[in-house]
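Please read the numbered points alongside the sequence and the coordinates.

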Amino acid sequence: MQKDEKIDTNIQQALSTAPKQTLSKILAQTVKTGIIKSNLIPMFAGLTLALYTYKISPFEKLPEIILAFVGSSLVMGAAGAFNNLYDRDIDSVMERTKNRPTVTGEIEPKTVLWLGIVMTILGLAALAWTTPLAALLGFLGLFFYVVPYTMWTKRRTIYNTEVGSISGAAPPLIGWAAIHPDITHPAILGLFVIMVIWQMPHFYAIAIRKHDEYKAAKVPMLPVVKGVRRTYIQTNVYLVILIATSFLLGSLSLGLMLVALLLSVAWLILSVYGYKKMDPEKWAKSLFLFSLLHMTVLFSTVILYSLVGVFLEL
């Protein structure tokens, strides 16, 4: 059976059970507003870190700050739309995605395509008004998510998570570049690398919890192909790297470095201890929840530290 035939069959099944939704909910699910909101936090962290590093008043850069939020939101939404459009066949198989509007037919594929194109153009234009580098990073983040990840590696290799992590870590770079067109400072590079590495334990945990769904959709996530033991070992390797990466923040602030270091060490301890004491499902859930805590605390600390530092300079 060809891909389009699979989509048609699964759409008919989904339509019979899917509840009717409002237009706002349809659009929100199509562009993945939840992911947009979560990614705006690291974008803002990178932005405020640049303000603090270069002693720039937020009021001086208010237009750039607004455009960074608008442009980033549109580009992220475009990435979500393209991803939903391409993944209709596997989304129809997985329980958590089978009621997406692109699966049920509540939004036409052509509409999703044009929505993604328009959001891409407007988003990149908004970012370009801040700095050309911010627009370039926005484009690269979108490209890596849609082509190397969604269209190539997601269905072919257990390293799809590693490839997808590059686009997932673009937001702090975009935020920094919107304020200062140079991303070679160790602090922002540290934030970027931390976010790249963070995604592996985070998504491995999700893949363990949704093992049967990924297996049914034939998505080669690491736990599905190599098992929980291999995932445990690889998770710990990345957590050790995450601990080492924390020291990159020391070039800017000892306090930020210590926060990142303590969070990463705690995550590794939880992984090792939890694996011995819990079943795989509970272990994965504990790692998933801690990953959310890790990112929330780290980026909130970066934002507060940067803003306090900036306003003390005014």
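1. The side chain of Lys 32 makes a polar contact with the side chain of Asn 83, at 2.6 Å. A polar contact is a pair of N or O atoms within 3.5 Å; within protein, one must be able to donate a hydrogen and the other to accept it, and residues adjacent in sequence count only if both atoms are side-chain atoms. The model is a predicted one, in which local features need pLDDT of at least 70 and side-chain atom pairs count only at pLDDT 80 or more, while totals for chains, interfaces and linings use all residues. Residues are numbered from 1 along each chain as its sequence is written, and side-chain values use heavy atoms, with hydrogens and water left out.

2. Lys 32 is found in the loop between H2 and helix H3 (33-53); helices are DSSP runs (H or I, at least four residues), numbered from the N terminus. Lys 32 is buried yet has no salt bridge, and the nearest side chain of opposite charge, Asp 91, is 6.1 Å away. Buried means under 20% relative accessible area, exposed over 50% and partly exposed in between (1.4 Å probe, protein chains only). A salt bridge requires a side-chain nitrogen of Lys or Arg within 4 Å of a carboxyl oxygen of Asp or Glu. Lys and Arg count as positive and Asp and Glu as negative; His and the chain ends are not counted.

3. Asp 91 does pair with Arg 100, their side chains meeting in a salt bridge (3.1 Å, N to O). Both Asp 91 and Arg 100 are buried. Arg 100 is also among the residues that Lys 32 touches, not counting residues up to four places away in sequence; contact means heavy atoms within 4.5 Å.

4. Thr 30 lies in helix H2 (residues 23-31). Thr 30 counts as buried because its relative accessibility is 1%. A polar atom of the Thr 30 side chain lies 2.7 Å from the backbone oxygen of Ile 26. Leaving aside residues up to four places away in sequence, Thr 30 touches several residues, including Gly 80, Asn 84 and Pro 101.

5. How many salt bridges are there by this rule? The count comes to six. One of them joins the side chains of Lys 154 and Asp 87 (2.6 Å, N to O). This pair links distant parts of the chain, 67 residues apart: Lys 154 is in the loop between helix H8 (132-153) and helix H9 (160-168), and Asp 87 in the loop between helix H4 (62-86) and helix H5 (88-91). Lys 154 and Asp 87 are buried.

Methods:
Helices (H or I, at least four residues) and strands (E, at least two) are DSSP runs, numbered from the N terminus.
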